[in-house]
Amino acid sequence: MADSKVLIVYYSKTGFAKKYAEWIGESLSSGTSCDLVPYEKRTKIQFGQYDTILFGGGFHAGQINGLKWFKAQINELTAKSSIRIGVFVTGAMPSDAPDVEPTMRKNFTQQEWETIRTFYLPGGLCYEKMGIGDKLMMAVFRAMLKKTDVDDQMRQMVAQSFDITSKEAITLVVEWCRTK
Ligand SMILES: Cc1cc2nc3c(=O)[nH]c(=O)nc-3n(C[C@H](O)[C@H](O)[C@H](O)COP(=O)(O)O)c2cc1C
């Protein structure tokens, strides 16, 4: 069976989704045709030429960056029913955090959840690359944590930059992209 033609579009504010998109692209490079497009270059995409489309973005206060735009594009593609759609999300939570699945689910309708393949990839936090608005939001979040009874580990974690990305985490995504 021929490999599918894959498109990966990613929205990355501080580099975590970009890193994962590039890792996935590299892993697919032997045998699978794969185009990697950053969100900033999205207007030139011709979605119709792909069999598999994967969108990646970071969590932002529970929302997935860029997902609204992505959903609008795929709604127009319903005519080509054979296209497979996947979304990977990266965030500060470790993969086994209980909030991962419910937070992801809130970004999709029931029908979308059943038809779009979703993956969570642990990212981290990068204060050095954050914009001023996001730095402020994180300051508010840290202040909020002080008033709640969350464990100290969580408080310490968000107090500084950290990177919990792992190449192993992409295994399922790569397998899914390869399978037609
Ligand atoms: C303002 C703000 C809100 C965030 N909200 C969440 C969140 O709700 N859940 C989560 O797991 N991570 C959250 N994060 C962490 C980012 O999702 C994480 O750094 C992600 O890996 C960023 O990916 P990117 O750099 O590719 O955009 C937040 C980060 C910022 C700056």
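**View 1. Cys177 counts as buried, with 27 C-beta neighbours inside 10 Å.** A residue is buried if 20 or more other C-beta atoms lie within 10 Å of its own, exposed if 12 or fewer, and partly exposed in between, the C-beta atoms being placed from the backbone. The model is a predicted one, in which local features need pLDDT of at least 70 and side-chain atom pairs count only at pLDDT 80 or more, while totals for chains, interfaces and linings use all residues. Residue numbers start from 1 along each chain as its sequence is written. Cys177 lies in helix H7; helices (H or I, at least four residues) and strands (E, at least two) are DSSP runs, numbered from the N terminus. Asp152 is 25 residues away from Cys177 in sequence, and their C-alpha atoms are 39 Å apart in space. Helix H7, residues 171-178, also holds Glu175. Glu175 counts as exposed, because 10 C-beta neighbours fall inside 10 Å. Between the C-alpha atoms of Glu175 and Tyr10, 165 residues apart along the chain, the separation is 18 Å.

**View 2. Strand E1 (residues 6-11) pairs with strand E2 (residues 34-38) in the parallel sense over 5 bridges.** Two strands pair if DSSP finds at least two bridges between them. From E1 the chain crosses through H1 to E2, and this β-α-β crossover is right-handed. Right-handed here means that, with the strands pointing away from the viewer, the path from the first strand over the helix to the second runs clockwise. Val6 has Cys34 as its bridge partner in E2, and Val9 has Val37. E1 also pairs with E3, again in the parallel sense, over 6 bridges; there, Val9 stands opposite Phe55.

**View 3. E1 is largely enclosed by the rest of the structure, because 6 of its 6 residues are buried.** In a regular strand the side chains alternate between the two faces of the sheet. From E1, Val6, Ile8 and Tyr10 point one way, whereas Leu7, Val9 and Tyr11 point the other way, and all are buried.

**View 4. Strand E5 (residues 84-91) is paired with both E3 and E6.** With strand E3 (residues 52-60) the pairing is parallel and runs over 7 bridges. Leu54 has its bridge partner, Gly86, in E5. Strand E6 (residues 117-122) runs parallel to E5 and is joined to it by 6 bridges. On that side, Val89 has Tyr120 in E6 as its bridge partner.

**View 5. The ligand lies between domain 1 and domain 2, because both give residues to the shell around it.** The protein chain is divided into domain 1 (6-126 + 163-178) and domain 2 (132-160), with bounds from an automatic or database domain assignment. The centres of the two domains, taken over C-alpha atoms, are separated by 26 Å. Surrounding the ligand are 24 residues, the closest being Thr14, Ala17, Gly58, Gly91 and Gly123. A residue is near the molecule if its C-beta atom, placed from the backbone, lies within 6 Å of it. How many of the shell residues are nonpolar, polar and charged? The shell divides into 10 nonpolar, 11 polar and 3 charged residues. In this count Ala, Val, Leu, Ile, Met, Phe, Trp, Tyr, Cys and Pro are nonpolar, Asp, Glu, Lys and Arg are charged, and the others, Gly among them, are polar. At least two shell residues each come from helix H1 (16-28), E3, E5, strand E7 (124-125) and H5.

**View 6. Thr14 is in the loop between E1 and H1.** Thr14 counts as buried, because 20 C-beta neighbours lie inside 10 Å. Ser30 is 16 residues from Thr14 in sequence, with 28 Å between their C-alpha atoms.

**View 7. Helix H5 lies largely in the open, because the number of its 16 residues that are buried is 0.** H5 covers residues 132-147, and its end C-alpha atoms are 23 Å apart, which agrees with the 22 Å that its 16 residues should span at 1.5 Å a residue. The expected span is 1.5 Å times one less than the number of residues.

**View 8. Ala61 has a positive phi of about 50°, although it is not a glycine.** Most residues other than glycine have a negative phi. The loop between E3 and strand E4 (63-64) contains Ala61. Ala61 is exposed, because 8 other C-beta atoms are within 10 Å.
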